[in-house]
Structures are given as structure tokens and as C-alpha cells.
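The following explanation is intended to be read alongside the sequence and the coordinates. Please keep both in view while following the paragraphs below.

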Amino acid sequence: MGKIVGIDLGTTNSLVAYVDAQTGEPKCIPGPSGSTLCPSVVSLDPDGSIIVGEPARRRLLTQPERSIYSVKRLMGRGPSDVQSELKLFPFRIDPASKNVIRVQLGDKVFTPPEISSFILRELKNWAESYFGEPVGRAVITVPAYFNDAQRQATKDAGKLAGLEVLRLVNEPTAAALAYGLHEKPAAAGGKVAVYDLGGGTFDISVLKLISTGEGDIYQVLSTNGDTHLGGDDIDNLLQAFVHEQILQTDQIDFSPHGELAQELRKALIDIKHQLSETTSATLRFPLPNGNVFVREFTRGALEALIRLVVERTMVPVKLALADAQLKPNELDEVVLVGGTTRTPMIRRTVQEFFDRKPHTELNPDEVVALGAAVQANILDQGVKNMLLLDVTPLSLGIETYGGAVAKAIPRNSTIPASAQELYTTGVDNQTGIDIHVLQGERELAKDCRSLARFTLRVPPAPAGLPRIEVKFLIDANGILQVAAKDLRNGQQHIIEVQPSYGLNDADIERMLEESIEYAEQDFAERQVIEARTEAESILTATAKALANPQAAQLPATERQTVDAGVAALREAVKGSDYKLIRQQIDELNRATEHLAELLMNTAVQTALEGKKLAEV
Amino acid sequence: MATPLHTTNPPLACWNCHERTIGTHFCPGCGKLLQLPQGSDYFAMFELPRKLWIEMGALEQKFLQLSWKLHPDNFVGATEQEREISLQRSSELNDAYRTLRDPIARVEYLLAIEGTRKNGENKQQAPPELLEEVFELNESLDELREAKADGSDTALLRCRLEDAEKNFEEKQNEVDGLLQSKAREWDAAIDASAQEAARKKIMAQLNELLNRRSYIRNLVVNVQKELL
């Protein structure tokens, strides 16, 4: 089964975290560069290998047509949904895409879950290198306002990355867990609002913390949000603004997604970050015509530009409070999550609205991953002192006559939740009943999100005689399951649900097979390679040391131990048992301790030689 | 057919050790989570009699207590069958709490399990004493739609509709009051183990009130939509 981790699969950055068994505290795991942030960028190398994270981010500038960022925006969406995104994002969608989007990277096409799986696989590798053992299970976070298709796509991505996804946890809920607000006496029994503005998504959740004899319960009362609102929108505004200016001053019309546009975007994101710390910042951007575009931005000017984005977040906030039947001043704690909440204007707006200073103690980039690790630990250890009761963000409905929608499970219902509907036939010998499941708050099917369509098979009978009970169930991940039962004979029907915007089981199987082509070596293989590399370097160092004249001072018995250690390590390296290699490395390290000391002393002496005492 | 007023779940056989048990959640024999017995209902799940007055604090306590036991988080490492039972049981618990917590949904549910009301039934006929007012209201709504379409002044019509909205909201409150007293009557009948005929009569009246409330509620929502 291996270790279990919590993963924040973000629009801009992704992170992996675990709970330290000794301290009981959640911790983010750093990657090879030492940073805990893995940019959610994927690039396809011309040699066919997949590059993820910081190296891929650099390729956004050099090979934009082979690289993709913000793929989370495409998860669980159909080609017609994303037309507006295409104006702003350099997604190259395969024109042959049907119900699942296919994105072109170089000469290959990938679905969004596949691209996300590359990011997850990278994080899995980070964790495996860190623990020195395999990681097989994970809790992955999703925006609270993600619909069924978006959640299913995330779960598929986990599966494609070789992870058993134990739970999808809503990001704001994870953040509340990370803050451990139940430990704060003021918050016990209190109400908490979590305002989560990330790179591409916005969520607001209202929770109630309840202490019971058995432990603490985090009960979500309501949630709302916008799955296409975030820091990206601020970047787009800045970029459009500067494009316009450059067009006027230098008559340069940026091709919207070319290298120059990517470079400018990166420069503007830097300016945006600077303006969170200082009140003015200057953009200096070299143009292809040799000019340098220079412009000073003040924080005030940025705030005027982004006012609408900030205001847009307040609509879901008000709706969530209304659903929880609370007024802004009735909240006991307010928590800010997501990198975009570093923006001073957002902090100010939230503080004024709730009339309360929000929590910002935890790193807003890390807090969601930390909470995912806490939930992973609960599921792994069966920690019985904390329980999360989350809700479904959107009402589930069934299409009825005339294209109307009958609500079956209302939004903000605690999950798991279910609803039963009874179906019968309208004409004699009718053999099928078509059912269309939707998600959303609007009254007409065409205004809601189509989740799935399926046909109930009915044996021929007079009209109205068949009685088929269909159970719609939303599980603890917020994902729909459908089951049908023939009430006349008690027989369970198997329903093949064709998701409206998602991969079916056959797609997943095929991708799992294909993914082997892109998969990096499995854990053991990577460990062997790493151990061998280390062995080579210690063997080289030892040989060099033994060649040093000072090595002659080594007593014969010690020399024998070193030689034996070298031979044993050489032997181990031939095999593929990475644990044995590591063991021999450790032994050789111990055997050469004295030798290293001798050489060290020589090195110090050499350094002192030829120097006058006074210079020492 | 007399409706049994059971307050506990009927006995069933444990799916795991096949022992017959009257345990509500876990088998006293092998400790496994039990399936919900056939014929169980939301009231039984909370070990409540089929009465309409429910103490909300106690209901919440019971909900939280059962959530600890039934939630899928407790069964992540269990067999697939147990995970499935936990999913079913905790969804039923959440459905039950959602229904019983809401006074209107609670009455609808009671009438449904007592066989007086079909699931989702809402008679859309106007109560006779409201006919005249409903007629006037519909006229004003039509006028407002027309005025909006030709872009003429709607202020006066809006004013009239706002008054009508208030009027119907008051009527809804009246119905809510009637429902409450009828619910107390039901509870008293249960306490007194009243005859089936007496109970049927109260149920029919409750059903009538629910239909009337749903009709008025629809009117209010329609007016609110036009006024937006």
C-alpha cells in the first residue's frame, strides 16, 4: 500500500504534504530544487519525454507550443465550454475533440486528466525520494465548487498517475483542517468562513466547529464559488492592458500566445507580486524593435484594474452566508487561503466585509496541501478524534417533461446524500426510459450542467406497469453514482452511465496502458539508479584517497576493511537491490572515516605550509 | 391497513454472521456495520416516534453521534462490502437529518410514509377563497411583463406587486401557523393512541394545508422572479 500523502493539485502550483509521525504536524515535501511548490506546468520534450514543474515552466518561454499551464481550467469540461478561455489561454485544443477535450503538445494530444496525471506523478516521485519508499495512496484537493465532471476528472488523473485516491477533499475545508481551528477555544463551537482565491478558482465555505465527547467535527454549512475566477484573471487584465499600451507606443501587436506574450506575462506577474509588498514597481520590458517598454505601476493603479475581480468574489460570499443563514458579523473566524489572497486589496475587502481580521498565519500556498495531509492521516490511521462533514456545492436534478429540472438533492446537502425517483413507462411495450441527470441551480435543463444520460432498459409490459426505482447517490467525494432496481422483482439493474463530459472506463484503461510509455521508471528502478550514482561517487572518492601518499599511514587492518568495503560495494552495484547498495555505501563510509581524517589533516597542513607563523 | 407505530427498527439478519438481531447500527454478534432493515424510516433511524414536534438540539446531537459511527471515513480500510454499506447508511442518515430538520419536509415525509401523500405531490389548484386575489395577481403579472416588453413605466405595477407579495407572504405565515397547530393535534393523537380514523382525518387536513402552502409559495416565488 505504501505511504499516504495529501496533494494540492492547483491551477498555478501543486504541492504534496504528509503528517510527520513523530510530531503529528503536517509538512510539505520539497522537490529536487528545494522548493515545495511544483509549478503546474507540463512540457513534452522533442525526445518524447514529459517534463513537469519548474523546468517545464522555463519551456513556456522557449517552447510554448509544446508546453501547457493552468490545465486545471480544462478539467471536466467540453470543447464548447472553453471557447472563452481560448482567447486568454494558449490552449491548443485538438479540433477533433468531442466530449472530452484533447490538448496538443507538439505532435501529440493529451486529455486534461492525463496532463494532470503527469503533475501528480511528479509529486509522487518527490514524496518517494523523500521517504525512500513507495507512495501508493493520496488525498487530493479540489475546489469546493467543482462539479461532478471536474471531480471525476481529478480522480481519473490520480488513477492515471498510479495513485489510489482515497478521498477528494474540498480546498477550503482542507485549509480549515490545516489551521486546526478546533484547538482554538474561541473557535470551538464557532462559525468559520474560508475565503480561498487561488490561481484559477474561487471558493467560499462556511463551517461550524463542534466539539463532541468523541472528538471535533468540522461541519460545512454552505459553500459557493466560481471555478473560473482567480489570479489568472488578474494576470489577463494586466496583460491586455499592457498589450494595448505597447500597440499604441510601438505599434507591436502581440500574437496572443507567442513567446513574447509569455515573457511579458511572466514579467507582469512579478510586478503583481511586488505590488503586494511595495506601493510601486517598474516594468522594463525589451521589445523586438530594440525599444524598452518602461512603465511604473502603483498599487492604486493595480487596484483600480482588479476591482471588478475582487467584487466578483463577494457575490458567492454573500450567497454562501445566506445559505448558512448567517450575517457577516456572526462569523467567529475568517481564514484566507490561496496565493492571490496576498493582494492587500483582497485582505482589506474581506476584513471590512466580516469586520474581523482574517487568519493569514499559514503560508497561503501551502495550507491546502497541509490540510490534505491531515485528512490523509485521518483516513490512514483511522484517527478518531476528528471528522469532516462536507456538502455538495450544486443541486442535483433530473430533467422532466418540457426541459424543466426537478431538484432531487439540494445544494449544501451533507454528503454522502441520496435521492430516489420512481419511473414507469408511458406507452405499452416501451422498452427504455431515458434519464438525464444535471447539476446546477437553474430551472431549465439547458441552463444546468449535464452530468450524464442513460437509458433504463425495461421488459415489455403495459404502460404504467413497470416500476423502476433509481437511486442517485453523491458519495463522500462529491461524485455521482446511479443504481436502479426493478421493484416488481427486486432485481438490481446495471446502469452504464455515459458521462457527458468525461472519460469512460474504456478510455481510462487505454490511457493507463499508454501511460506506461510516458511513465518514469517505477520507484524501485529510480532508487537503484540514485543509489548507483551515489555509489559511483563514493568509489571514485575512495580510490582517489587511497592513491594519496597519506593513505600509507593507514594501519593494515583498516586498509583491509576499506578494500573489503570497496569490493562489497562494487559487487552490490552490479545487482539491482537498492537497499543492499545503500547498506554497502553506509559501511564503506564508516570504514573510510579514519582515512578521511588523515587526508583532512594533510589538507590543513598543505594549506599552512609556506606561510609564516604570523600569517596563520 | 393499520400502520404500526414502531419506534425501533424491525429485526434483521446480520449480513456477515447471519445472526438475527435488533441492533440498530452494529451487529451485537460480530460487531459489523448493519444494513438498514427494510421498512425502516427516518424517524426510526433517530429512534423517534412518528411525531411532528422534534427537539432540534437533540436531533443534531443524535445526527453527529451517528455520523461518527457511520461515516465512510471510518471504513477506508474495510472490505468493499462494508464500505458500500457505510456509504448507503451515511447517505440515509444525511437524507434523514436533512428531511427531519426542515418542518415542512418533515410533514411531507410523515404523510408519505403513512401513505397519505405521494412523493413530490403538489396540487396546483387555487384554494377557492384565494381565487379572486390570484386572478388579480396574475393580471398584474401579465401587465408587468407587457410593460417590460414595450419599455413603459413599471413603477406603479411594481408597487402593486410588492403589496401583493407581502399579502401572500402573510397568507403563507398563516398557513404555517395552521400547520403548526395541526401538527400538535397529530402528536396528541399519537400520544393518546387515537383510532386510525381520527389519525387519517388529521393527515388529510395536514395534506390540504401542505398543498395550500405550496400553492402560495409558488405564487410568491413567481412574483419575486418578475420583480427582480
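L283(A) is found in strand β15 (residues 280-286) of chain A; strands here are DSSP runs of E with at least two residues, helices are runs of H or I with at least four, and both are numbered from the N terminus. The model is a predicted one, in which local features need pLDDT of at least 70, side-chain atom pairs count only at pLDDT 80 or more, and totals for chains, interfaces and linings use all residues. Residues are numbered from 1 along each chain as its sequence is written, while chains are lettered from A and ligands numbered from 1 in the order in which they are written.

Because 19 other C-beta atoms lie within 10 Å, L283(A) is partly exposed; a residue is buried with 20 or more such neighbours, exposed with 12 or fewer, and partly exposed in between, with C-beta atoms placed from the backbone. Leaving aside residues up to four places away in sequence, L283(A) touches A267(A), I271(A), V294(A), R295(A) and F297(A), contact being defined as C-beta atoms, placed from the backbone, within 7 Å.

From L283(A) to I585(A) there are 302 residues in sequence and 51 Å in space, C-alpha to C-alpha. I585(A) takes part in the contact between helices α13(A) and α14(A). The axes of α13 (residues 556-574) and α14 (residues 578-591) of chain A come within 9 Å and cross at roughly 165°; axes are lines fitted to C-alpha atoms over the stretch in contact, and angles run from 0 to 180 degrees between N-to-C directions. The two helices α13(A) and α14(A) are therefore roughly antiparallel, a term for angles over 145 degrees. Their contact comprises eleven nonpolar, three polar and one charged residues. Ala, Val, Leu, Ile, Met, Phe, Trp, Tyr, Cys and Pro count as nonpolar, Asp, Glu, Lys and Arg as charged, and the others, Gly among them, as polar.

Elsewhere in chain A, helix α3 (residues 112-131) has 20 residues and reaches 29 Å from its first C-alpha to its last, close to the expected 28 Å, the expectation being 1.5 Å times one less than the number of residues. Of the 20 residues of α3(A), 17 are buried. Just after this helix, G132(A) takes a positive phi of about 70°.

The contact between the chains takes 14 residues from chain B and 19 residues from chain A. On the side of chain B, α3(B) gives the largest share, six residues.

Technical notes: Angles under 35 degrees count as roughly parallel, over 145 as roughly antiparallel, 65 to 115 as roughly perpendicular and the rest as oblique. Two residues are in contact if their C-beta atoms, placed from the backbone, lie within 7 Å.
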